[in-house]
Amino acid sequence: MLLKELSELNGVSSNETAVRHFIRDRLQGKVETLHTDRLGNLIASQGQTKKGPKVMLSAHMDEVGLMVVGIETNGLLKIKTVGGIDERVLLSKRVLVGPQQIPGVIGAKPIHLQEREERQKPVPLSALFVDIGATDRSDAEKAVKIGDLIAFDTKAACFGDGLFKGKALDDRAGCAVLLNLIENRYDLPLYYAFTVQEEVGLRGATVAAYGINPDLALVVETTSAGDVPPLKKHQASTRLGHGPAISFMDRTLIVQPKLVEALVAVAESAGIPYQFRQTTTGGTEGGAINQTRTGIPAAVISIPCRYIHSPVGVLNLNDFAATIKLVDAVLKNIAQRGLPV
């Protein structure tokens, strides 16, 4: 299963190599051009000689994770986060360290040895460490080094009623959408950007958009689903099983109203379920792309995902399939009628 394969690859920001190689292999013979830019973005194109607006589809390859920033005398690894992670979800999680994927576990002082005040609040990152089973610093240094990246060790799988769980669904799910779309052909110049370092500042999308210079960009992302207790229905950003989420705005971008209207019209015309993203927290690559060069119209279509930026996320496979259908319908509409903005 494509989504499972992508989820289980390790690609913490700045080291997306394994993900890029996997995607590159999947693209061979299916695109007209394929190259990796200096920052590490993988850019593919179809229909370069066709008339019509140049469209960029963007999904980021990187994931949140950790970095080794020190090695204690007893061989335990000091760590820092890479990207936005809630420190409360880290304790006891299994991880893979460095290029050799050394297995480890995130630990802390046992609860039995904690003071009463310590037990009443989450363990801070400064009190966490990764245990790789080393006997001392010298033993640890044979396997890992300072600066090594750390990924969560999570096996992906389907479960429940049409649900899927795995790590790095932000944004391997978006990458999977693009890989599905690449099997089709559209009557317009189309660029697929599999970008790097989104989780640490939207860096890859900035460079990719500058190089492509599209007339329109569609960002395919995942976004937080708030359909969990104690949140009420009206408080949920998005809900699983209600289709892809169309954004009005987020922390980095306000989507042009006519573009939002066009996405809605396409979804309704094609009978594709959709919902609106009802919070504005968090940023997306749309913000970076929108401010590139003299300005590039950008929209964001997201797959709702529970427990985002954690060792395991959950999405609904019907939402995933509907996202593919919606982006496909939008591209066909642009090919027939031109840009909606």
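Leaving aside neighbours within four places in sequence, which residues is Asp 215 in contact with? We'll get to that in the last view, after a look around the rest.

This is a predicted model, where local features need pLDDT of at least 70, side-chain atom pairs count only at pLDDT 80 or more, and totals for chains, interfaces and linings use all residues. Residues are numbered from 1 along each chain as its sequence is written, and side-chain values use heavy atoms, with hydrogens and water left out.

**View 1. The whole chain, with 9 helices and 17 strands.** Helices (H or I, at least four residues) and strands (E, at least two) are DSSP runs, numbered from the N terminus. The radius of gyration, taken over C-alpha atoms, comes to 21 Å, close to the 20 Å that the globule rule gives for 341 residues, so the chain is as compact as a globular protein of that length; that rule is 2.2 Å times the number of residues to the power 0.38. Along its principal axes, the C-alpha trace spans about 65 × 45 × 35 Å. Of the 341 residues, 52% count as buried, where buried means under 20% relative accessible area, exposed over 50%, and partly exposed in between (1.4 Å probe, protein chains only).

**View 2. An open sheet of 3 strands, in the order S10-S11-S17.** The pairing here is antiparallel, and two strands pair if DSSP finds at least two bridges between them. Strands S10 (157-159) and S17 (313-316) stand at the edges with a single partner strand each, so one side of each has no neighbour in the sheet. From one strand to the next, the twist averages 30 degrees. S10 and S11 (residues 163-166) pair over 3 bridges, and Ala 157 sits opposite Lys 165 in S11. Two helices pack on this sheet: H5 touches S11 and S17, its direction making about 35 degrees with that of S17, while H9 (residues 317-337) touches S10, S11 and S17, at about 65 degrees to S17. For these angles, axes are lines fitted to C-alpha atoms, for helices over the stretch in contact, and angles run from 0 to 180 degrees between N-to-C directions; contact means heavy atoms within 4.5 Å.

**View 3. Helix H5, residues 169-181.** Its 13 residues reach 18 Å from first C-alpha to last, close to the 18 Å expected at 1.5 Å a residue; the expected span is 1.5 Å times one less than the number of residues. Since 12 of the 13 residues are buried, H5 is largely enclosed by the rest of the structure. Among the buried ones are Leu 169, Arg 172, Cys 175 and Leu 181.

**View 4. Ser 310, in the loop between S16 (298-305) and S17.** Ser 310 is buried, with a relative accessible area of 14%. A polar atom of its side chain lies 2.6 Å from the backbone oxygen of Tyr 307, and the side chain of Ser 310 also reaches the backbone oxygen of Val 312 at 2.8 Å. Not counting residues up to four places away in sequence, Ser 310 touches Val 89 and Phe 152.

**View 5. Asp 215, in the loop between H6 (203-212) and S13 (216-224).** Back to the opening question: Asp 215 is in contact with Pro 53, Lys 54, Pro 297 and Leu 339, leaving aside neighbours within four places in sequence. A polar atom of the Asp 215 side chain lies 2.7 Å from the backbone nitrogen of Lys 54. Asp 215 is partly exposed, with a relative accessible area of 37%. Met 56 is 159 residues from Asp 215 in sequence, yet 8.0 Å from it in space, C-alpha to C-alpha.

Key
A polar contact is a pair of N or O atoms within 3.5 Å; within protein, one must be able to donate a hydrogen and the other to accept it, and residues adjacent in sequence count only if both atoms are side-chain atoms.
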